[in-house]
Amino acid sequence: MALPCSGMTGCLECSSILYCTRCQIGYFVNTVNVCTLCSTIDIFCAKCSMVAGTFTCIACLSSAYTKRPSDGVCLPCNVFKTNCLTCFSSTICLTCASGYIVTAGSCHSVCGNSIVTGTETCDDGNVVNGDGCSSVCSI
């Protein structure tokens, strides 16, 4: 029978005064039956679990982070996609840094927006040749 917990940080249910069996969201029951913050194992993890001694991040802090496919560790989106601010997964970017747009899940530089990005050497706010900056934003 689960007992209410008192004085145990993050614990929702206990089997005794010393052993937690269920934690609040953002915590997991560690190998010594104490609730531990997910972020102590994975700094960008918001919801996690520990099953048979294996830590698993279930959800990252926000859409600015996503899980690395190889091990499930939450990392900033721009680790997977250059100039990506928010993402759906490690392969699909949702929003990009200033001067970039999302095309097919990746961030691409926009020529003619007055912001020099990517491989551009100039960006005068238009795509007209002969004005000092070419239509492909190069000098």
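**Aromatic pairs, loop residues and a buried lysine**

Phe-28 is buried, with a relative accessible area of 4%. This value, like the others reported here, comes from a predicted model. Phe-28 takes part in an aromatic pair with Phe-55. The ring centres lie 5.3 Å apart and the planes meet at 70°. The pair is therefore edge-to-face, since planes over 60 degrees apart fall in that class. Phe-28 belongs to strand β4, whereas Phe-55 belongs to strand β7, which spans residues 54-60. The two residues are 27 apart, and the pair links distant parts of the chain. Phe-55 is partly exposed, at 21% relative accessible area. The cut-off for a buried residue is under 20%, so Phe-55 does not count as buried.

The count of aromatic pairs comes to two. The other partners are Phe-44 and Tyr-65, whose rings are stacked. Here the centre-to-centre distance is 4.3 Å, with 20° between the planes. Phe-44 sits in the loop between β5 and β6 (45-51). Tyr-65 is in strand β8, residues 65-67. The pair therefore ties together parts that are 21 residues apart in sequence. Phe-44 is partly exposed, with a relative accessible area of 21%. Tyr-65 is also partly exposed, with a value of 22%.

Phe-88 is located in the loop between β10 and β11 (93-96). Its relative accessible area is 62%, so Phe-88 is classed as exposed. Beyond residues up to four places away in sequence, Phe-88 touches Thr-66 and Leu-94. The C-alpha atoms of Phe-88 and Cys-23 are separated by 27 Å. Along the chain, these two residues are 65 apart.

Lys-81 occupies the loop between β9 and β10. This lysine is buried yet has no salt bridge. The nearest side chain of opposite charge is that of Asp-71, 17 Å away. The side chain of Lys-81 does reach the backbone oxygen of Thr-91, at 3.4 Å. Thr-91 is also among the residues that Lys-81 touches, with residues up to four places away in sequence not counted.

Most residues other than glycine have a negative phi. Asn-83, which is not a glycine, has a positive phi near 65°. Its relative accessible area of 25% makes Asn-83 partly exposed. A positive phi also occurs at Asn-33, where the angle is about 60°. Asn-33 lies in the loop between β4 (27-29) and β5 (35-37). At 26% relative accessibility, Asn-33 counts as partly exposed.

Strand pairing was examined for β2 and β3. Strand β2 covers residues 11-14 and strand β3 covers residues 20-23. The two strands run antiparallel and are joined by three bridges. Cys-14 has Cys-20, in β3, as its bridge partner. A hairpin of five residues leads from β2 to β3.

Definitions and conventions
Residues are numbered from 1 along each chain as its sequence is written. This is a predicted model: local features need pLDDT of at least 70, side-chain atom pairs count only at pLDDT 80 or more; totals for chains, interfaces and linings use all residues. Side-chain values use heavy atoms; hydrogens and water are left out. Helices (H or I, at least four residues) and strands (E, at least two) are DSSP runs, numbered from the N terminus. Buried means under 20% relative accessible area, exposed over 50%, partly exposed in between (1.4 Å probe, protein chains only). Lys and Arg count as positive and Asp and Glu as negative; His and the chain ends are not counted. A salt bridge is a side-chain nitrogen of Lys or Arg within 4 Å of a carboxyl oxygen of Asp or Glu. A polar contact is a pair of N or O atoms within 3.5 Å; within protein, one must be able to donate a hydrogen and the other to accept it, and residues adjacent in sequence count only if both atoms are side-chain atoms. Contact means heavy atoms within 4.5 Å. Rings of Phe, Tyr and Trp (its six-membered ring) pair if their centres lie within 6.5 Å; planes under 30 degrees apart count as stacked, over 60 as edge-to-face and the rest as tilted. Two strands pair if DSSP finds at least two bridges between them.
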